[in-house]
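Please keep the sequence and the model in view while reading.

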Amino acid sequence: MSDDINVVIKTTIRTMLPFIQLYGFYVMTGTEGAGGGFQGGVILAASFILYAITFGAEKGREKAPESWNTAFKSFGLYIYAGVGMLTIIYSLGFAEFLNYSATFLSLFVPHTVARGILIADVIEVGIGMTVAASFTSLFFDLVWKGDENGRD
């Protein structure tokens, strides 16, 4: 009976994971304003954690190795800081950090469109990548800490 339940759970999780991840990406980039990067990142991290809980921590770690988590955390931070520094560099030091009106996009499209592109499509993706990798890494750190102390 237990094996039948496991098959149902594993099949359900395999079927649902792509939709959960797609929803996480939608939340991350679905708006043209601020917000969504953190929430989308948490949803993506929850999908990796759900996989690890269902199939085991070892298989979960194979799908989300720590080297990938480190790379995504760093790259997400570089995206966020890079856009902020571009605004300062492009304005020759007259604009504030993340002042979107000072970007080069404002020369070609209206300010609101440039702001929407930079926030929804760049900044929020960087935030989401960092949050997803951080929460996934935190989960695996807690799992391995329990193993080191002899507890499950």
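Helices (H or I, at least four residues) and strands (E, at least two) are taken as DSSP runs and numbered from the N terminus. The model is a predicted one: local features need pLDDT of at least 70 and side-chain atom pairs count only at pLDDT 80 or more, whereas totals for chains, interfaces and linings use all residues. Residues are numbered from 1 along each chain as its sequence is written, and side-chain values use heavy atoms, with hydrogens and water left out.

The chain contains 5 helices and 0 strands, which gives the pattern α-α-α-α-α when read along the sequence. Residues are called buried under 20% relative accessible area, exposed over 50%, and partly exposed in between (1.4 Å probe, protein chains only). By this criterion, 35% of the 152 residues of the chain count as buried.

Helix α2 has 19 residues. Its span from first C-alpha to last is 27 Å, close to the 27 Å expected at 1.5 Å a residue; the expected span of a helix is 1.5 Å times one less than its number of residues. Buried positions in α2 include the glycines Gly37, Gly40 and Gly41, together with Ile43, Leu44, Tyr51 and Phe55. Just after α2, Gly56 adopts a positive phi of about 105 degrees.

Helix α4, with 25 residues, reaches 35 Å from its first C-alpha to its last, close to the 36 Å expected at 1.5 Å a residue. Its buried residues are Asn69, Gly76, Ile79, Val83, Gly84 and Thr87. After α4 comes Leu92, whose phi is positive, near 60 degrees.

Ser74 is located in helix α4 and is partly exposed, because its relative accessible area is 29%. The C-alpha atoms of Ser74 and Gly126 are separated by 9.3 Å, although these residues are 52 apart along the chain. Tyr78 also has its place in helix α4; with a relative accessible area of 59%, Tyr78 is exposed. Between the C-alpha atoms of Tyr78 and Ile127, which are 49 residues apart along the chain, the separation is 9.9 Å.

How many salt bridges does a search of the whole structure find? It finds 1 salt bridge, the term denoting a side-chain nitrogen of Lys or Arg within 4 Å of a carboxyl oxygen of Asp or Glu. The side chains of Arg61 and Glu66 form this pair, at 3.3 Å from N to O. Arg61 belongs to helix α3 (residues 57-63) and is buried, because its relative accessible area is 15%. Glu66 is partly exposed, with a relative accessible area of 29%.

The side chain of Arg61 reaches the backbone oxygen of Ala64 at 3.0 Å. Glu66 and Ser137 are joined through their side chains by a polar contact of 3.0 Å. A polar contact is a pair of N or O atoms within 3.5 Å; within protein, one must be able to donate a hydrogen and the other to accept it, and residues adjacent in sequence count only if both atoms are side-chain atoms. Ser137 lies in helix α5 and counts as buried, because its relative accessibility is 4%.

The last topic is the open space in the model. Rolling a probe the size of a water molecule over the atoms shows where empty space is left. On a 1 Å grid over the protein atoms alone, a pocket is an open set of points where a 1.4 Å probe fits, with protein on both sides within 12 Å along at least five of seven lines; lining residues have an atom within 4 Å of a point. Grid points are joined across faces, edges and corners, and a volume is the space filled by probe spheres set on the points. The largest pocket holds about 300 Å³ of space.

Its lining consists of 15 residues, of which Phe25, Leu44, Phe48, Phe72 and Ala132 lie nearest the centre of the pocket. The elements that give two or more residues to this lining are α1 (2-29), α2 (37-55), α4 (66-90) and α5 (111-148). Helix α5 gives the most, with 5 residues.
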